[in-house]
Amino acid sequence: MADGAKKNIKGRGAQSRPPNRYERVRLEQAPAADADYRPDEPPAIDRQTRRPLADAQPRLATQFLPDQTRSIISENNSPDVGFRFSVNPYRGCEHGCAYCYARPTHEYLGFDAGLDFESKIMVKHRAPDLLREALAKKSWQGELIAFSGNTDCYQPAERQYELTRGCLAVCAQARQAVGIITKNALLLRDLDLLTELARERLVHVNMSVTTLDANLARAMEPRTSSPAARLDAIAQLAAAGVPVRVMVAPIIPGLTDLETPAILAAASQAGARSAGYVLLRLPLAVEPVFRDWLVRNYPEKQERIESLVQATRGGEYYRSEWGQRMKGGGAYAEGIGRQFAVFAKKHGLDGKLTPAIDTTKFRRARLTGDQLPLFD
């Protein structure tokens, strides 16, 4: 963190509460008076006076709230996304990435896209049961399901609730093809299920590596796995025969873009078989959250980074047109794309992830009490 930067709430990427675009009334409060701010661990104590340190970082507890959703498979028709169906066991994400494009989805729930997004996590306790019910329907044909299309399915809450593991067990039983997108090495806990799925060519894993700088990662993605842990996860997945792609995502102009060659080299050495990238996206409330993060952590780089972001988005902070959302446009964005292509090819990561997913092995999930079929 740069000298003179503002004091952050420990363990949080966002440090603000941007207005919810669906709410007509907003209550302005100083953070210290916010009723949601309560300690989730004892405050720092001066060893001599035994009093709380006046400059100790404030903390914000995470709340886990039940999500009563009645369906679990979401569908999208975006030409920019490589999957049609997805499962998200959680809404909101404790990882707290300052740049997370999913933040505005929390506004649908009446929360804000800043601190609420990473501290008020909606938990779909029935996710495995709902998935089993969906895979038992005659209308379901076994098309690939992505975990997760919105928030990370292996965020810290998964250690406690094991919903992703439960869903993967359902998929293994039904031979349902899955693609996993994560930045958390916690997925190694489920290596047994991932190996089982890989033997049937039913799983691809996409591991996101934004930076190799552990200090930058800790500030920008405060509750994710370290870069070294993610590379180790790639290595263990590869050793177990699980196809894994490295996602250099997002690439942040002026901050992480020059790391692309080193990230691709490290991922290739670890065992990744393919690579992809996404340019930084700042839709809606993500823009003020990320820009506030820049002011607090890299004030000396803020102007250059913001200028380069705008250079890749037609002079704005974000453009939502199909074909532009993921890669941007303009000379600087094209340069990022060329650099990625050159080094992906150099390290043998420019092809498709192999072996290809096989969706023909799907067999309808069985509900409790179903009669076993004569032929499987």
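The side chains of Asn-206 and Arg-245 are joined by a polar contact of 2.5 Å, a polar contact being a pair of N or O atoms within 3.5 Å, where within protein one must be able to donate a hydrogen and the other to accept it, and residues adjacent in sequence count only if both atoms are side-chain atoms. The model is predicted, with local features needing pLDDT of at least 70, side-chain atom pairs counting only at pLDDT 80 or more, and totals for chains, interfaces and linings using all residues. Residues are numbered from 1 along each chain as its sequence is written, and side-chain values use heavy atoms, with hydrogens and water left out.

**Asn-206**

- Asn-206 lies in strand E8, strands (E, at least two residues) and helices (H or I, at least four) being DSSP runs numbered from the N terminus.
- Asn-206 has 11% relative accessibility and therefore counts as buried, the cut-offs being under 20% relative accessible area for buried, over 50% for exposed and partly exposed in between (1.4 Å probe, protein chains only).
- Not counting residues up to four places away in sequence, Asn-206 touches Ile-180, Ile-181, Thr-182, Arg-245 and Met-247, where contact means heavy atoms within 4.5 Å.

**Strand E9 and its partners**

- Because 8 of the 8 residues of strand E9 (residues 244-251) are buried, strand E9 is largely enclosed by the rest of the structure.
- Strand E8 (residues 203-208) runs parallel to E9 and is joined to it by 4 bridges, with Asn-206 standing opposite Arg-245 in E9; strands pair if DSSP finds at least two bridges between them.
- E9 also runs parallel to strand E10 (residues 274-279), through 5 bridges, and Met-247 stands opposite Gly-276 in E10.
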